[in-house]
Amino acid sequence: MKPRVRTALFLAAAAGAMPALVRALPHFPAFGDHPSPYADRVLASAPVDRHVQNVVTALNFDYRGFDTLGEEFILLCAVTGVTVLLRGSRGEHRSARTGQVEGRPVIPPGEAVTLIARLFGVATFVLGLSVALHATSTPGGGFQGGVLIASGFLLVFLGEGYRGWRAMMQAELMDAVEAAGALVYVGCGLVGVWQGLPYLTNTLPLGTAGSVWAGGLMPVINAGVTCAVLGGFGMLFIEFLEETRVNPDAEQDTEAPKS
Amino acid sequence: MLIDILQILLAVTGTGVALTRRPVRQVIALGANGLVLALLFMALQAPDVAFAQIVVGTAALPMLFMVVLASMRMDRRREDRREGMS
């Protein structure tokens, strides 16, 4: 599409949508106002009902646990899809050379970058672990903790380069951690079924509020989600960063005519 | 006040993403936009959302785009060379 046609199309669409927007704007709820009574009720009842201070975790892993199970499997399916699509072409060998575009140097990480990445990598890992462990008492939870730990993996890549990073990232281990996490979640649901109650019923003792173990099933599900998320993101990073390596077979193809 | 500043910054960086032409620079702009969004979540007292946003929006997503761009560039150069050969 030519830029002029595109601009004309945009202006026409904007002219059409503008009156509706202008009419709707004054009727928006005020900033910070939420018209749902459900939120107030859950905020009041969850600490008493479930011995949990972080109501978001209670919603995710208990009241709406089944929705989160679905999300869990969306992540699992997405990572599986990426793995199926990207596996096999490049970077299968751990020592594969960095792909290079002519006229562009491959610069190894500088000493300062390595130092900063080492310091912050450890700090990020500890922060992620803490956020995941204290899911029921402070903001955050399995997903946030999992992605924080996974971003620590990226800092290792930044500081140590691809080879050092791949020495740490074992694809088989990431696969296993991700699958085990998802299995733990599914298994937690079956605890209730075994007692003749609906799937994912929270029947474990709820414990004292404020402790890491408060919330009955929630800390167990939370641990499962943490593993699944960090394994999933780890897998994703491995599959994508493998694409920056040279495929040894293709390399022979292109190197041959030079000689 | 802080929230107002962050909202304006969000609009500015978002416009920056839309107006950037080169893909590599656009990825950096996207990261800046994600960082401002994470700060806004923090200012709105949603640190858990901010954690997820800062990792996904400023580290994971830009990295995936960078890898895709690098991979495309490697492929393009290889095709160029093949064409030059024949």
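A residue is taken as buried if 20 or more other C-beta atoms lie within 10 Å of its own, with C-beta atoms placed from the backbone. By that criterion zero of the 18 residues of H1(B) are buried, so this helix lies largely in the open. The model discussed here is predicted, and the predictor assigns the complex an ipTM of 0.86 and a pTM of 0.86.

**Confidence**

- Chain A has a mean pLDDT of 88, with 93% of its residues reaching 70 or more, while for chain B the mean pLDDT is 89 and 88% of the residues reach 70 or more.
- Where pLDDT is low, the predicted coordinates should not be read in detail.

**The first helix of each chain**

- Helix H1 of chain A covers residues 3-24, and its 22 residues reach 30 Å from the first C-alpha to the last, which is close to the 32 Å expected at 1.5 Å a residue.
- This helix, H1(A), has a kink of about 35° at A:Ala17, shortly before the proline A:Pro19.
- The number of buried residues among the 22 of H1(A) is zero, so H1(A) lies largely in the open.
- Helix H1 of chain B, residues 2-19, has end C-alpha atoms 26 Å apart, in agreement with the 26 Å that its 18 residues should span at 1.5 Å a residue.

**Chain B as a whole**

- The secondary structure of chain B consists of three helices and zero strands, and its elements run α-α-α from the N terminus on.
- Of the 86 residues in chain B, 24% count as buried.
- Among the contacts in chain B with a separation of 6 or more, 46% join residues 24 or more positions apart.

**The largest nonpolar core**

- The largest nonpolar core has 57 residues, of which A:Val147, A:Val229 and A:Phe237 touch the most other members.
- At least two residues of this core come from each of helix H3 (55-63), helix H4 (65-86), H5, H6, helix H7 (171-194) and helix H8 (218-242) of chain A, and likewise from each of helix H2 (23-43) and helix H3 (47-85) of chain B.
- H8(A) gives the most to this core, with 14 residues.
- When neighbours within four places in sequence are left aside, A:Phe237 is in contact with A:Phe153 and A:Leu154.

**Contact between the chains**

- The contact between the two chains takes 22 residues from chain A and 19 residues from chain B.
- On the side of chain B that touches chain A, there are 13 nonpolar residues, five charged residues and one polar residue.

- A:Ala135 is located in the loop between helix H5 (111-133) and helix H6 (142-168) of chain A.
- With 32 other C-beta atoms within 10 Å, A:Ala135 is buried.
- Not counting residues up to four places away in sequence, A:Ala135 touches A:Asn54, A:Thr57, A:Gly140, A:Gly141, A:Gly142 and A:Asn222.
- A separation of 9.2 Å is found between the C-alpha atoms of A:Ala135 and A:Val52, which are 83 residues apart along the chain.

- A:His51, in the loop between helix H2 (37-50) and H3 of chain A, has a positive phi near 60° in a residue other than glycine.
- A:His51 is buried, with 21 other C-beta atoms within 10 Å.
- B:Gln45 is located in the loop between H2 and H3 of chain B, and its phi is positive, about 60°, although this residue is not a glycine.
- B:Gln45 is exposed, having 9 other C-beta atoms within 10 Å.
- A:Val126 belongs to helix H5 of chain A and counts as partly exposed, with 13 C-beta neighbours inside 10 Å.
- From C-alpha to C-alpha, A:Val126 and A:His51 are 26 Å apart in space, and in sequence they are 75 residues apart.

Note on methods. Residues numbered from 1 in each chain as written. Chains lettered and ligands numbered in written order. Predicted model: local features only at pLDDT ≥ 70, side-chain atom pairs only at ≥ 80, totals over all residues. Contact = placed C-beta atoms within 7 Å. Nonpolar A, V, L, I, M, F, W, Y, C, P; charged D, E, K, R; others polar. Helix = DSSP H or I, 4+ residues; strand = E, 2+ residues; numbered from the N terminus. Expected span 1.5 Å × (residues − 1). Bend = angle between axes of the 7 residues up to and from the residue. Buried ≥ 20, exposed ≤ 12 C-beta atoms within 10 Å, placed from the backbone. Core = buried A, V, L, I, M, F, W, Y, C linked by C-beta atoms within 7 Å. pLDDT = per-residue confidence, 0-100.
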